[in-house]
Amino acid sequence: MIFEQRVKQALSRRQEQGLLRHTEIFRQGQLLTHSHLEQPLVNFSSNDYLGLAQDKELISVWQQGLSLYGCGSGASPVVTGTTQAHADLKARLCEWLGYPSAILLSSGFSANQALIFTLLKQGDLLLQDKLNHASLIEAGLLSPTEMVRFKHNDLDDLHKKLTKVSTKQVAKLIISEGVFSMDGDQAPVLQLMTLAQSQQAWLALDDAHGLGVLGEFGGGTVEVTGIKPTLLVVTFGKALGISGAAILCDQATGEYLTQFARHYVYSTAMPPAQAYALNHSINMVQQQKWRREKLAELSAYFQDKVGKMPHYRATQTTIKPWICGRSEDALALSDELKQQDLWVGAIRPPTVTANAARLRITLNATHSKHDIERLSQALQRFYGERGNSQLIASQQEKAHG
Ligand SMILES: Cc1ncc(COP(=O)(O)O)c(C=O)c1O
């Protein structure tokens, strides 16, 4: 009875708040096909930033991997689940990103949980950027460590919180994203690293949204900044077009995670054909610079079209948050865009803070200028017709302040 009540109450509360999530069914492709809508839609909500998820060359390499290795790995990586394809992928990541050790995991979510749960103990201090991904914040909340959240990208606030504990005996870990998933802005990595070193703290960076997108060769935040955080988490389900993740670190920490990270030891290794395909995906990311050049061109074009509108936030990345304020406004805009065959999901609290509901517009290398033009015109029409641009702008200023 108690469980039934809990389930019912939680769902109806979500419904009343207008925050119920729906799992839609799509057939992916150049255009997105929704099972209930007649027209294909242009997808502005995917993290497949380089357009590799549907790339024929990558699909055929994965098929080749299946012929070579079969379907599943059959066991944990520390039992019999590690193949040459996994070993090659680890070596490739280390060489690319400049670390001695790489641990492969099935998802970015489990990589972040593994890192926090394995490394931190009671009495340690964990400092996280307020806007870090749910996988990081949740692991911090569940770990026995004291977790403190510092204001987004605010080095003074971090410094204050970091130096509150003066003793050198306390192990301190700072975690930030390289590119923030909902805002598309970047962390001040050089300053974070300098601060961490001055306080004998470690810095971990989750570069889920930077890898593949930033840097001449797609090496992400480490490539563009030249800074190597103590620990680096990269995920393969975004620009690399597949799925999975890795933690990069020094040799000893790699060995420690291999021995003690429960998400690694007690979970089936990723399918070897997937690791084989990921090796090829990295080749494509490094060599096919045209994909990043195209993204830069589309990004400039979008800014040119809507950059003066108050909802727009300029970013150096593929993530273009469109701030709406209230959840209802974000949903109304998203619905209106759907009518025009443009798919942009509304992001609402609790994923973002109250009054900062938004459309998370993401650009990808398979978009055309015509797609961007259509989206820009639809956004302008929506606000032009409703005359509510100013109202929403003032709401979101409040939310940011
Ligand atoms: C910053 C960040 N870290 C980790 C994850 C989780 O990665 P995965 O989807 O591979 O579980 C995400 C997913 O959206 C993310 O945005």
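Leaving out residues up to four places away in sequence, His367 touches Val42, Asn43, Phe44, Lys294, Leu298 and Thr362, where contact means heavy atoms within 4.5 Å. His367 is found in the loop between β14 and α14; helices (H or I, at least four residues) and strands (E, at least two) are DSSP runs, numbered from the N terminus. With a relative accessible area of 3%, His367 is buried. Buried means under 20% relative accessible area, exposed over 50%, and partly exposed in between (1.4 Å probe, protein chains only).

The model is predicted: local features need pLDDT of at least 70, side-chain atom pairs count only at pLDDT 80 or more, and totals for chains, interfaces and linings use all residues. Residues are numbered from 1 along each chain as its sequence is written, and side-chain values use heavy atoms, with hydrogens and water left out.

**Charge pairs**

Side chains of opposite charge can pair when their charged atoms come close. A search of the whole structure finds 9 salt bridges, a salt bridge being a side-chain nitrogen of Lys or Arg within 4 Å of a carboxyl oxygen of Asp or Glu.

Asp157 and Lys161 both belong to helix α6 (residues 155-163), where they are 4 residues apart, about one turn of the helix. Asp157 is buried at 5% relative accessibility, while Lys161 is partly exposed at 24%.

Since Glu297 lies in helix α12 (residues 289-306) and Lys369 in helix α14 (residues 369-386), the pair ties together parts that are 72 residues apart in sequence. Glu297 is partly exposed at 42% relative accessibility, and Lys369 is partly exposed at 39%.

A network of salt bridges links Arg326, Glu328 and Asp329.

Apart from neighbours within four places in sequence, the contacts of Asp207 are Gly178, Val179, Gly219, Gly220, Thr221, Val222, Leu232 and Val233.

Patches are made of residues with over 30% relative accessible area and no salt bridge; like charges are joined within 9 Å, and nonpolar side chains (Val, Leu, Ile, Met, Phe, Trp, Tyr) within 5 Å. Accessible areas come from the Shrake-Rupley method with a 1.4 Å probe, and for residues only the protein chains shown count as cover. The place of a charge is taken as NZ of Lys, CZ of Arg, CG of Asp or CD of Glu.

Lys130, Arg149, Lys151, Lys160 and Lys164 form a positive surface patch. Arg149 is found in strand β6 (residues 146-150) and is partly exposed, with a relative accessible area of 36%. Met147 is also in strand β6. Not counting residues up to four places away in sequence, Met147 touches Leu126, Gln128, Ile137, Gly140 and Leu141.

Leu141 also belongs, with Phe117 and Leu142, to a nonpolar surface patch of about 320 Å². Phe117 is found in helix α4 (residues 108-119) and is partly exposed at 30% relative accessibility.

**Backbone features**

Most residues other than glycine have a negative phi, and most peptide bonds are trans. Asn153 is not a glycine but has a positive phi of about 55°. Asn153 lies in the loop between β6 and α6 and is partly exposed, with a relative accessible area of 24%. Asn355, likewise not a glycine, has a positive phi of about 65°. The loop between β13 and β14 holds Asn355, which is partly exposed with a relative accessible area of 45%. Pro350 is found in the loop between β13 (346-347) and β14, and the peptide bond from Pro349 to Pro350 is cis, with omega near 10°.

Methods: Lys and Arg count as positive and Asp and Glu as negative; His and the chain ends are not counted.
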